[in-house]
Amino acid sequence: MICAVAVATIYVAQPVLARIGNDLGLPEADLGWIVTTGQLGYLIGLALLVPLGDMFDRRKLIAGHLLLAAVGMALAAVATQLWLLLAGLVIAGLFAVVVQTTVAFAADLSAAAERGRTLGAVTSGVIIGILGARVLAGGLAALWGWRSIYVVLAVLLIALTCFVLKLLPADPRDVRATYGAVLISLGGLFRERLFVSRGLIAFFLFASFGVLWSGLALPLGAEPWHLSTAQIGLFGIAGLAGALGASRAGRGADAGRANVVTGGALVLLAASWSATGQASWSLWAVVVGVIVLDFAVQAVHVSNQHLLTAAYSHRTSSVIGGYMLFYSLGSAVGATGTTAVYSAAGWAGSSLLGAAFALCALMVWAVNRHAAADTRRDVLV
């Protein structure tokens, strides 16, 4: 639940971008910045806030970040000018990195033989937040306007803060590293092949994901469909198949097949664009493409996290935060890229962009696939 609500603060604007743009008088080509602003705040939080999980009690850290994310949502809800909306989204994005602190905490609490299943379960919550947010946003916007979305999220975040303090176990630290030492350790990861290769896969993976979910509302709202925001939001239900991908990938990772799962899922990701690219002609093809894409994305994401937390079990918060920097950058590139390309070349151009990102991720995996296998052998020894 923590992951679902926190991650929703970043993605909830996607199905209502056109409505926000009309209300605030923004041109179509600039709509991607509404999503990208939250992603940039998220990027900063990944680098500066998630590593704090290797220093402090993560129960208290999670509660504090949830409360501050609620402040950002409240600002977005009352914004009447673009700068105030963007300020609220930056704050919410900054503290939405509570998701990654929660992921690292869950990985540390689980037994090594069950880490994949645990990561799969937590990632399923993230998927529900990312895609369920679109369904929620479409319905709330249709009933009470886009501002109601941010009001509801603010209330949920405050409620979760109370539950975290009451229900999660304490996470005391006997030895506390300095903040500088933790950041230096994070920087050192960027010299290690496994970390960088998995990070690059995540960059291209979520760039492809961002192309779809930041741009799909545009062709669905245009000729010949003219779908409402509520109808567009329902496409998020198809993407919930990603929860199944996360669960199955977790079990496969526990069985030692994380690298194989990654390669197979990336092939599916690239193939999904042949269906999703038909958005101007067939809604059923879009549904199939969305299901395959989200299944593939989450399978790769869980496999990546399993390999990294197993290889760097002594600093899970830092490695998850560093890995998610690639995720955040990729999502931002996908979000801005799809709206810009759509305005110039339509959905066909956006689909080619999404497929190109998927193929780039597959190429990185092919070149570095032995690094993951070698690291797993080292861990087992």
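Visitor: Where is His-226 found?

Guide: His-226 is found in the loop between α11 and α12, where helices are DSSP runs (H or I, at least four residues) numbered from the N terminus. This is a predicted model, in which local features need pLDDT of at least 70 and side-chain atom pairs count only at pLDDT 80 or more, whereas totals for chains, interfaces and linings use all residues. Residues are numbered from 1 along each chain as its sequence is written, and side-chain values use heavy atoms, with hydrogens and water left out.

Although His-226 is not a glycine, its phi is positive, at about 50°. With a relative accessibility of 48%, His-226 counts as partly exposed, the class between buried (under 20% relative accessible area) and exposed (over 50%), for a 1.4 Å probe and protein chains only. The loop between α11 (217-221) and α12 (229-233) also holds Pro-224, which is joined to Glu-223 by a cis peptide bond with omega of about 0°.

Elsewhere in the chain, the axes of α10 (residues 193-215) and α15 (residues 258-276) come within 12 Å and cross at roughly 25°, the axes being lines fitted to C-alpha atoms over the stretch in contact, with angles running from 0 to 180 degrees between N-to-C directions. These two helices are therefore roughly parallel to each other, a term for angles under 35 degrees, while over 145 is roughly antiparallel, 65 to 115 roughly perpendicular and the rest oblique. Their contact (heavy atoms within 4.5 Å) involves residues including Ile-201 and Leu-205 of α10 and Leu-266 and Trp-273 of α15.
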